[in-house]
There are 2 protein chains.
Amino acid sequence: MQIGELATRSGLRASRIRFYEAQGLISVTRRANGYRAYSAEALVALNIITSAQDAGFTLGEIRRLMPGDLSGWREGELVGALRKRVDDIRAIERRLAQTRLQIEALIADIGDRPDGMTCEANTDRVLKQFKSVRPIEALDE
Amino acid sequence: MQIGELATRSGLRASRIRFYEAQGLISVTRRANGYRAYSAEALVALNIITSAQDAGFTLGEIRRLMPGDLSGWREGELVGALRKRVDDIRAIERRLAQTRLQIEALIADIGDRPDGMTCEANTDRVLKQFKSVRPIEALDE
DNA sequence: CCTAACCTTTAAGCAAGGTTGAAGGTCAAG
DNA sequence: CTTGACCTTCAACCTTGCTTAAAGGTTAGG
């Protein structure tokens, strides 16, 4: 399979595939004329890379986890990295949930404006509440 | 409050605060000497911005959701923006949950290697699973 | 008055993750 | 044997989201 076909089948541009190669994420053999020759494994590798990116890994992290030879994946490290990612995702989830609950409370609060209060005074009151919308921080290790 | 104090209180560097201003994310008044003068609201605004970033919004998206002058939010718009934000957060929560579940399933799967299976065969099996882990795209838009 | 610690602007730099373009080699079809 | 669709490399450029540097104005304290 040439790079054009791999690009079509993976949905990535050829430039991106070459870029990943340059970054040491994938390896490839060449034909006599210099053209890259890919096996079906390359498609798997690209899927892994894009999946990992979607899960929030940087290319550097992916490279560390993924030796040139796909079958050489080190299970222990892979699992460790995956677990860490799950922890990160849980942290984000907690934070989002908290933010959302506070915003929802705020909306309810706005609806509750005391009868005699002016619109401006109410906005002030609401902004003071908003200040307390301050979630977990600590995403950036 | 000068920018230095705001920086200390928000935990952000002054350069970052000026950068957000340049990007149209926050507005600020000046004193006679040209120094920026912030009110407590600025701290709120910075909290909102960093929270939204952590939640996966780009600065451009945040700008669209957040008028420069916080107190210029009239109630209807404020509530509308807040509700939209709650919806956005819910969408992100759903995607994150899906990603996390798939990664967790993958971890469980790796641990489950059938007794007779070689390590390589297991890796193959795992990689086939990995291919199906692909949520989160669609955050951008 | 001097100095240190503030503040200002503008411009350049950096890292990640690519894309684009120029200049050219290769190959199958007509 | 020419045309067009492939492929190659390499260097330059782009966007995000900042940081850093240069050059200088302002202010509080001794």
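Modeller: Begin with residue classes: Ala, Val, Leu, Ile, Met, Phe, Trp, Tyr, Cys and Pro count as nonpolar, Asp, Glu, Lys and Arg as charged, and the others, Gly among them, as polar. A residue is near a strand if its C-beta atom, placed from the backbone, lies within 6 Å of it. By those classes, the surface near DNA strand D has five nonpolar, eight polar and five charged residues. This is a predicted model, where local features need pLDDT of at least 70, side-chain atom pairs count only at pLDDT 80 or more, and totals for chains, interfaces and linings use all residues. Residues are numbered from 1 along each chain as its sequence is written, while chains are lettered from A and ligands numbered from 1 in the order in which they are written.

Biologist: Which residues come nearest to DNA strand D?

Modeller: A:Q2, A:G4, B:S15, B:R16 and B:L59 do, out of 18 residues around DNA strand D.

Biologist: What makes up the surface near DNA strand C, by class?

Modeller: Five nonpolar, eight polar and four charged residues. In total, 17 residues surround DNA strand C, and A:S15, A:R16, A:L59, B:G4 and B:R36 are the closest.

Biologist: Which helix gives the most to the surface near DNA strand C?

Modeller: Helix 2 of chain A, with three residues. Helices (H or I, at least four residues) and strands (E, at least two) are DSSP runs, numbered from the N terminus. Chain A has six helices and two strands. Their order from the N terminus is α-α-β-β-α-α-α-α.

Biologist: Why is B:R13 called exposed?

Modeller: A residue is buried if 20 or more other C-beta atoms lie within 10 Å of its own, exposed if 12 or fewer, and partly exposed in between; C-beta atoms are placed from the backbone. B:R13 has 12 such neighbours, so B:R13 counts as exposed. B:R13 sits in the loop between helix 1 and helix 2 of chain B. From B:R13 to B:I3 is ten residues in sequence and 9.1 Å in space, C-alpha to C-alpha.

Biologist: And why is B:R9 called partly exposed?

Modeller: B:R9 has 14 other C-beta atoms within 10 Å, so B:R9 falls in between and is partly exposed. B:R9 belongs to helix 1 of chain B. B:L43 is 34 residues from B:R9 in sequence, with 7.7 Å between their C-alpha atoms.

Biologist: How many residues of chain A count as buried, as a percentage?

Modeller: 22% of its 141 residues count as buried.
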